Amino acid sequence: MRLAQDLFFLAYRDLTASADIVLEGLGLGRAHHRALHFIGRRPELPVSDLLVLLRITKQSLARVLGELVRRGHVHQKTGARDRRQRLLSLTESGRLLERQLFNRQRERILDAYREAGGPAVEGFRRVMHAMMDEQTRAQLDPRAPDIMPAAHPAVPARPRDVRRV
């Protein structure tokens, strides 16, 4: 189990390092990257849904979004049915930046997938899916990757039972 944890921490460090170089040069951070990623995956994403996905405070998200809007990477519009709702989409410059960040990480992931082979990739996906809590799994259902479920309260889910093996 310790080796698995080591592998997760070190793989995450190396995966994020390639995007960090671009982000650092722009004066942005990983929170900006995560916001760009999910807004890019779901155009017109309500701010409330982004809060649920990222599990950060409104204040933290406001700082991140404020910077992305000021730099012209994210566009906000008012909801058609609910005027209180703010819907987020990437602008053209936001799409270009998100694509640049994705491409930096894509090659590392592709190389790892090629090295591991199809059955290992499927196993990896299953392990990652199983590690997520129910709320997150519902948001990332692979059968409907472009559908965002109704917002859930932005409260961390209770941890699942952990059994020693």
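R55 is partly exposed, because its relative accessible area is 37%, and a residue is called partly exposed when this value lies between the limits for buried (under 20%) and exposed (over 50%), as found with a 1.4 Å probe on protein chains only. R55 is placed in the loop between α3 and α4, where its phi is positive, about 50°, although R55 is not a glycine. The model is a predicted one, in which local features need pLDDT of at least 70 and side-chain atom pairs count only at pLDDT 80 or more, while totals for chains, interfaces and linings use all residues. Residues are numbered from 1 along each chain as its sequence is written, and side-chain values use heavy atoms, with hydrogens and water left out.

The protein contains seven helices and three strands, which are DSSP runs numbered from the N terminus, a helix being H or I over at least four residues and a strand being E over at least two. Along the sequence these elements follow the pattern α-α-β-α-α-β-β-α-α-α. Of the 165 residues, 28% count as buried. Among contacts (heavy atoms within 4.5 Å) between residues at least 6 apart in sequence, 56% join residues at least 24 apart.

A positive phi is found at E44 as well, near 65°, again in a residue other than glycine. E44 is located in the loop between α2 and β1 (45–46), and it counts as partly exposed because its relative accessibility is 39%.

Helix α4 (residues 58–70) has 13 residues and reaches 18 Å from its first C-alpha to its last, close to the 18 Å expected at 1.5 Å a residue, where the expected span is 1.5 Å times one less than the number of residues. The buried residues of α4 are L61, V64, L65, G66 and L68, and they pack against α2 (30–41), α3 (47–54), β2 (74–78) and β3 (86–90). After α4 comes G72, with a positive phi near 80°.

In helix α1, T16 counts as buried because its relative accessibility is 8%; when residues up to four places away in sequence are not counted, T16 touches R30 and Q105. R104 lies in helix α5 (residues 92–116) and is partly exposed, at 35% relative accessibility. With residues up to four places away again not counted, R104 touches S18, A19, I21 and V22, and the side chain of R104 reaches the backbone oxygen of S18 at 3.4 Å. R104 and A17 are 87 residues apart in sequence, yet 9.3 Å apart in space, C-alpha to C-alpha.

Rolling a probe the size of a water molecule over the atoms shows where empty space is left. On a 1 Å grid over the protein atoms alone, a pocket is an open set of points with protein on both sides within 12 Å along at least five of seven lines, and its lining residues have an atom within 4 Å of a point. The largest pocket has a volume of about 2,700 Å³, a volume being the space filled by probe spheres set on the grid points. Its lining comprises 48 residues, of which L15, I109, F124, M128 and M132 lie nearest the centre. Two or more lining residues come from each of α1 (2–26), α2, α3, α5, α6 (118–131) and α7 (134–139), and α5 gives the most, with eleven residues. The lining divides into 26 nonpolar, nine polar and 13 charged residues, where Ala, Val, Leu, Ile, Met, Phe, Trp, Tyr, Cys and Pro count as nonpolar, Asp, Glu, Lys and Arg as charged, and the others, Gly among them, as polar.

Conventions. A polar contact is a pair of N or O atoms within 3.5 Å; within protein, one must be able to donate a hydrogen and the other to accept it, and residues adjacent in sequence count only if both atoms are side-chain atoms. On a 1 Å grid over the protein atoms alone, a cavity is a set of points where a 1.4 Å probe fits but cannot get out, and a pocket is an open set with protein on both sides within 12 Å along at least five of seven lines; lining residues have an atom within 4 Å of a point.
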